[in-house]
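Thank you all for coming.

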There are 4 protein chains.
Amino acid sequence: MSDTRRVEAFSDGVFAIAITLLVLDLHVPAFDPGRLLHDLGHLWGAYIAYVSSFLYIGVIWLNHHNAFTRIHRIDWGLQWANLGLLFTTALLPFPTAVLSAALQSGATSDRRVAVVLYALIAGAMAATWLCLFHRLSHHPELTDGDDGAAFFGRERRRAWLGIGAYGVAACVGLIYPIAALPFFLVLPIFYALTSEGTR
Amino acid sequence: MSDTRRVEAFSDGVFAIAITLLVLDLHVPAFDPGRLLHDLGHLWGAYIAYVSSFLYIGVIWLNHHNAFTRIHRIDWGLQWANLGLLFTTALLPFPTAVLSAALQSGATSDRRVAVVLYALIAGAMAATWLCLFHRLSHHPELTDGDDGAAFFGRERRRAWLGIGAYGVAACVGLIYPIAALPFFLVLPIFYALTSEGTR
Amino acid sequence: MSDTRRVEAFSDGVFAIAITLLVLDLHVPAFDPGRLLHDLGHLWGAYIAYVSSFLYIGVIWLNHHNAFTRIHRIDWGLQWANLGLLFTTALLPFPTAVLSAALQSGATSDRRVAVVLYALIAGAMAATWLCLFHRLSHHPELTDGDDGAAFFGRERRRAWLGIGAYGVAACVGLIYPIAALPFFLVLPIFYALTSEGTR
Amino acid sequence: MSDTRRVEAFSDGVFAIAITLLVLDLHVPAFDPGRLLHDLGHLWGAYIAYVSSFLYIGVIWLNHHNAFTRIHRIDWGLQWANLGLLFTTALLPFPTAVLSAALQSGATSDRRVAVVLYALIAGAMAATWLCLFHRLSHHPELTDGDDGAAFFGRERRRAWLGIGAYGVAACVGLIYPIAALPFFLVLPIFYALTSEGTR
């Protein structure tokens with residue numbers, strides 16, 4: 001058992017870096033003279049991917065912050081659930097970059113692959129939240145008591161919803177890739193709005 | 001409502017990373033033997049863009065630091081105004097890189113695009129400050145009382161000035177791109193000097 | 001002598017950045033239209049290298065966290081043992097990238113080089129732990145007393161085991177490179193499991 | 001005036017990122033099958049540049065840590081001296097990369113340029129230390145009193161020595177570039193050794 005200060009500091013570091021590294025995927029195009037505006041316009045897919053991932057990591061940080069105000073001690077299981085969460089968060093720039101590239105390339109089959117990959121990793125992140133919330137709901141001694149445990153029990157619903165919605169996005173994306181993009185933008189916004197409700 | 005410690009830590013992380021990542025846009029040129037000095041000289045646009053953005057992020061951090069010494073609690077609106085500020089800050093390396101590239105390429109139309117893009121994003125950052133200051137000036141309970149609210153009410157003027165000045169820089173840049181560069185260097189210096197006056 | 005707060009903050013920063021930078025080695029392949037899935041599949045070596053290194057840095061952070069809960073003061077020798085540890089950690093993305101590249105290239109001799117390089121640097125990291133633990137076991141005044149010194153004395157065994165196991169992995173890799181990969185995945189897992197046991 | 005906590009946190013962030021980003025200049029060579037070992041050997045210049053810069057930033061962090069244990073308040077001048085220090089630190093990966101590239105290229109004139117550039121920026125960093133120490137030696141109210149001011153007065157000598165030694169390295173490098181490299185490795189080691197003596 002240990003206090004939560006360094007876990008928060010390390011997690012803040014990973015979140016801050018992951019959210020800031022996303023900008024490295026906005027490559028300046030190798031434009032011909034006079035074509036910069038046109039070539040910047042071609043990056044629309046990269047902009048959508050960037051905003052989606054920025055919002056998602058921002059919301060994850062908010063949720064992490066909210067959750068840890070109620071967590072008083074960390075045990076081994078929680079430590080690893082948290083590392084799992086950091087793993088999926090730190091990985092997010094990769095499917096974001098794949099998605100950017102596929103949206104700029106024309107082939108539908110590539111977009112399908114990219115959209116499903118993004119949905120899988122975003123869904124895996126929701127699954128690590130589920131692990132975290134599940135453990136906390138059964139260990140009131142790690143939180144601020146039975147109220148905290150009950151709170152984390154309710155939070156599991158939001159994690160399940162994320163797993164389900166990214167699953168649906170993957171299925172939709174298999175048929176019609178572009179139709180999955182609104183999911184990627186709307187889900188973080190949904191989490192952002194409901195994060196307030198549950199605080 | 002929550003205390004400000006983790007918001008400051010996360011924001012410090014994003015500022016520190018964004019300001020340090022700027023150096024990645026100073027690419028070592030792929031020089032022919034014996035041509036390193038000449039090719040390094042060609043990067044003058046990148047150096048101006050680097051110094052402008054470093055100064056701007058440095059000043060933003062100073063302002064953030066000054067503001068948060070007067071902020072005692074964070075609510076949902078403030079949380080999102082702060083994330084908006086981090087969004088524009090984390091994005092700044094992208095227009096900086098576009099500006100570097102356009103200053104090294106010869107076409108005036110490309111420089112026009114790059115200068116306007118930089119001014120828009122730098123102006124959007126000033127606009128997120130305006131949101132932050134506006135909210136704080138109407139919520140004395142988030143600050144150290146009525147003095148704090150009055151302070152943030154006055155700070156709005158500096159944010160409006162930034163929006164206006166980057167707007168003028170965008171207009172000037174549409175006509176004569178190079179003439180917008182002094183704005184990009186002078187504005188952070190102005191903010192740096194006045195940050196002391198209002199503290 | 002100085003307190004440990006800033007050493008922990010700086011180390012957390014380096015660990016957080018090194019673990020998050022690993023994702024930059026997952027390059028999006030320059031795929032031909034319709035070939036994204038196939039080309040992503042070719043990156044299997046990069047995925048193994050990524051997961052191994054993420055786990056290793058995650059476990060190092062856990063160990064560091066556990067160790068520093070028992071360290072109360074830092075002297076000059078400890079400061080440099082810690083910087084040595086950060087050196088090997090910050091360097092790990094390089095052998096990881098070399099390993100990824102070699103696993104994707106076909107030549108056995110290249111894989112041999114990459115595997116040995118990875119084992120050497122991972123083993124050097126275990127050696128810096130040994131220095132740290134050795135010093136702490138002889139300086140109870142830096143820890144929480146004789147119990148702490150005894151604890152760090154026992155921890156040296158785990159460091160020796162790491163040096164030995166990565167040494168064996170290097171030898172195995174010289175003969176049959178692919179056979180060294182399980183070592184790279186299993187060792188961090190072993191450390192993860194035993195980090196709980198000794199806390 | 002403000003307390004030093006956030007200044008330390010922000011500076012730790014920049015130091016941690018700059019020291020970790022250095023690894024990105026250790027590019028995996030685009031080797032032909034079977035040539036990895038040979039091509040890794042060609043990177044010797046990059047390894048020297050990496051170790052020099054890692055040591056230098058590590059020592060700067062140590063010095064910063066030592067200095068701030070004696071600094072109790074930050075004023076505007078100190079804030080900007082510190083930002084100047086972060087500027088030169090965050091910039092260091094650029095001359096490091098230039099030096100790596102020039103050592104791998106054959107032309108002596110390129111190495112000359114790279115060595116002088118590195119010496120200039122490393123010397124500029126020593127000059128920002130001088131500003132910091134000078135201000136502190138004249139403002140005992142920012143430190144822990146007259147003892148602190150006297151301490152920082154003495155520290156100015158080490159900063160002058162850095163400016164002088166990097167100046168000599170630049171001159172030596174103009175004549176015989178390779179002869180400047182030992183300066184780059186030895187100076188951080190000298191600072192490391194004397195940082196203990198003055199703490």
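This is a predicted model: local features need pLDDT of at least 70, side-chain atom pairs count only at pLDDT 80 or more; totals for chains, interfaces and linings use all residues.

Residues are numbered from 1 along each chain as its sequence is written, and chains are lettered from A, with ligands numbered from 1, in the order in which they are written.

Let us begin with how the copies are related. Chain A can be laid on chain C with an RMSD of 0.0 Å by a turn of 90 degrees and a shift of 0.0 Å along the axis, where copies are superposed by least squares on the C-alpha atoms of residues with pLDDT of at least 70 in both. These two copies are therefore related as by a four-fold rotation axis. They use different surfaces, since 11% of the contact residues of chain A recur in chain C; here two residues are in contact if their C-beta atoms, placed from the backbone, lie within 7 Å. Chain B is laid on chain A by a turn of 90 degrees and a shift of 0.0 Å along the axis, again with an RMSD of 0.0 Å, and for this pair 11% of the contact residues of chain B recur in chain A.

Which chains do not touch? No contact joins chain B and chain C, whose closest C-alpha atoms lie 9 Å apart, and no contact joins chain A and chain D, where the closest C-alpha atoms also lie 9 Å apart.

Now to an interface that does form, in which 28 residues of chain A are in contact with 25 residues of chain C. On the chain A side, the elements that give two or more residues are helix H1 (5–21), helix H4 (76–91), helix H5 (93–104) and helix H6 (108–138), where helices are DSSP runs of H or I with at least four residues, strands are runs of E with at least two, and both are numbered from the N terminus. H1(A) gives the most to this side, with eight residues. By class, the side of chain A that touches chain C has 20 nonpolar, six polar and two charged residues, if we count Ala, Val, Leu, Ile, Met, Phe, Trp, Tyr, Cys and Pro as nonpolar, Asp, Glu, Lys and Arg as charged, and the others, Gly among them, as polar.

Let me turn to the packing of helices within a chain. In chain C, helix H1 (residues 5–21) and helix H4 (residues 76–91) pack at an angle of about 10 degrees, with their axes 9 Å apart; axes are lines fitted to C-alpha atoms, for helices over the stretch in contact, and angles run from 0 to 180 degrees between N-to-C directions. H1(C) and H4(C) are therefore roughly parallel to each other, given that angles under 35 degrees count as roughly parallel, over 145 as roughly antiparallel, 65 to 115 as roughly perpendicular and the rest as oblique. Among the residues that meet are C:Val7 and C:Phe15 in H1(C) and C:Leu86 in H4(C), and the contact has six nonpolar, three polar and no charged residues.

In chain B, the axes of H1(B) and helix H3 (residues 44–68) come within 9 Å and cross at roughly 170 degrees, and H1(B) and H3(B) are therefore roughly antiparallel. The residues of this contact divide into eight nonpolar, three polar and one charged.

How enclosed is helix H5 of chain C? Eleven of the twelve residues of H5(C) are buried, so H5(C) is largely enclosed by the rest of the structure; a residue is buried if 20 or more other C-beta atoms lie within 10 Å of its own, exposed if 12 or fewer, and partly exposed in between, with C-beta atoms placed from the backbone. The buried residues of H5(C) pack against H1, H3, H4 and H6 of chain C, together with helix H2 (36–41) of chain D.

D:Leu78 is buried, with 20 other C-beta atoms within 10 Å. Leaving aside neighbours within four places in sequence, D:Leu78 is in contact with D:Leu132, D:Arg135 and D:Leu142.
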